[in-house]
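Hi,

Here is the structure I promised to pass on to you.

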Amino acid sequence: MSVTQEDAPVLSARQVTRARRRVAAGRSWREFRSQRAGLAGLAVLGVFVLLAVFAPLLFSPDELKVTEAVGGVLDPPSGGYPLGTDESGRSVLALVVWGTRVSLIVGVAATVISVVIGTLVGIASGHFGGWAGGVLERLTDWFLVIPFLPLAIALATVLGSSLINVIVVIGVTSWPGTARLVRAQTLSVEARPYLERARVLGGGHWHQMTRHVLPNVMPLVLANTTLTVAIAILSETTLSFLGLGDPFRVSWGSMLDNAFASGAISSGAWWYLLPPGLCVVAIVLAFTLVGRAMENVLDPRARER
Amino acid sequence: MSSSPPWGERVAGYAVRRVLTGVGTMVFVLVFNFFLFRLLPGDPISLYTRGRNMDREQLRELRRELNRPVGEQFLAYLANPFSSGVDSTQFSRPVWDVIGDYVWPTLVLLVTATALSAAIGIAIGIKGGWRRGSTFDRTSTGVTLTLYAMPEFWLGMVLLILFSTGVWVFPGVFPSGGTLTPGIEPWSLEGILDQAWHLALPALTLTLAYLAEYALVMRSSLVDETRQDYLVTARAKGLMDKLVRRRHAVPNALLPTITLVFLNIGFVVSGAITVETVFSWPGLGLLSYQAIRGPDIPLLQAIFLLFSLAVVVANIVADVVVAAVDPRVRT
């Protein structure tokens, strides 16, 4: 059933673009689907998202209150408490399920901040030559050098501990990597003839950056984003373990902090120690695998590795 | 080749320029460190003294120090960035004095862990990258990615519960923390062995945590190298596979990994903070943890500065060393 010239509907430029993007997305998804590790990662992420969304249905928020806990102190797993209890008699399983929320929220929100800053700085420093681009490049290099955790600790101490502050701290300390990646990509896009065409036709800086550079940089940023989420979740765990997280919310990091402080190690309470850590490993590994699979789809050079 | 300057001149010129940009970075770190801790919202006195009993004279002293003009404080800070007028609130001693005692344990731990993880990681990366897709390659990539996903302090706690407390079939034979069993002479034969025994678990934790990245980078740069024409030439002239790998591919693929060993100092330092805490290893990491829990702002400020400057210096060294050994680096 071939479509003749007369039958074909007249499409606006925007519709043509949209159709082309849809075809490209379908092709990418088919390539992604052929990678088992990436699919497995996606499945694990799906499970964690479901856990986070339905946490209140599985365990009532009252189970997280120290004052309403009825279990024994550091009891090993039993029928009533499949993963045992913590030092205040709360169910470790309930804590782990609720902890999923903080990890996912912080991981995703911090990544949004980091990616937005990184992309803006990266594109601007690649697009504008001269002193403006130079200053942005220097700034990126400087922040890249400062070791992440000491900087995050300093910022978190200065700002005080709350969920929003943890997100902000991780977001504003992890952008330089994205910025450098985007800058390199921007430079290679800027050298192509169609940007020269856009310039000659009188396209302004804003037009060039949003219509030509950004769409070309986006796929790479997307793959990088999944890897950034993994790092952000690890960072949240570390900051919470150091006591810099939100003191009123249960997260996997704060569970590990409590386990460490309450002597779970010397009393051999493996049921308190293992679940939050294994969850971190599972979710971080899942994001990493998805990110690597996306890189393989988008960057043919990576596929050969 | 004849037009390029001789090796010594090239490297020296590059080193000078690299040190100059490094100094620029250091100035940025110094200024940033000063103002970062002055962004404190509210009354700084209450944050400096939270959870601490100070007599009125000490408070007045602290307030006088913080009430000086910012410019004056900044100049005093530049004169000696590591003890800017205010003593450590936890130790009630100048910050620089406190830090000195904690440097050596951290150096011992980090150097041991970095050397071990680089050696093991590179070996794994070479074996996997040379036979890409083999069972060893797939297993080692899986294991290293899992290690990469682990919070290193959690790994430390798991090792502690297995080999220090001892659960299930695991023997609790290792000490749970510190550097030395009390009552043993540190520098006798017994003391040195005892210290090594204490070092074992924290060093193992950090080695496992770090080796993942070295293995992954070594593997991918060796894979890149295997597609180069000069390897075809090496094989075509009849060289054994083992020799092609050892004499041609590996030396070229090593450079990115070696650079990474230096560039990773920032990452290494981050690991030290939590792992030293878990193992009560009396180094700068444990000191940072105590400073956070205080919070001991002057101490935190000095530690942040020390870590940042260490990373800047390591970066300069890495760049100059790589430029010196690798003629491909544009200088």
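Please keep in mind that this is a predicted model. I started with a helix pair in chain B: the axes of helix 5 (residues 95–130) of chain B and helix 13 of chain B come within 10 Å and cross at roughly 55°. Because of that angle, helix 5 of chain B is oblique to helix 13 of chain B. The crossing is right-handed. Helix 5 of chain B makes the contact with B:V95, B:V98 and B:I99, while helix 13 of chain B brings B:P298, B:L299, B:A302 and B:L306. By class, this contact has seven nonpolar residues, no polar ones and no charged ones.

Next, the interface. In total, 42 residues of chain B are in contact with 32 residues of chain A. Several helices of chain B each supply at least two residues to the side that touches chain A, among them helix 1 (7–36), helix 8 (189–226) and helix 13 (297–325). Helix 13 of chain B gives the most, with eight residues. That side of chain B has 30 nonpolar, 11 polar and one charged residues.

Finally, the cores. The largest nonpolar core has 129 residues, of which A:A152, A:V284, B:M157 and B:I303 touch the most other members. Helix 11 (residues 270–298) of chain A gives the most to this core, with 16 residues. Leaving aside residues up to four places away in sequence, B:I303 touches A:P150 as well as B:L284, B:L287, B:S288 and B:A291. There is also a second, separate core of 11 residues, including A:L136, A:A179, A:M209 and A:V217.

Terms used:
Residues numbered from 1 in each chain as written. Chains lettered and ligands numbered in written order. Predicted model: local features only at pLDDT ≥ 70, side-chain atom pairs only at ≥ 80, totals over all residues. Contact = placed C-beta atoms within 7 Å. Helix = DSSP H or I, 4+ residues; strand = E, 2+ residues; numbered from the N terminus. Nonpolar A, V, L, I, M, F, W, Y, C, P; charged D, E, K, R; others polar. Axes fitted to C-alpha atoms, helices over the stretch in contact; angles between N-to-C directions. Parallel < 35°, antiparallel > 145°, perpendicular 65-115°, else oblique. Left-handed = near helix turned anticlockwise from the far one by under 90°. Core = buried A, V, L, I, M, F, W, Y, C linked by C-beta atoms within 7 Å. Buried ≥ 20, exposed ≤ 12 C-beta atoms within 10 Å, placed from the backbone.
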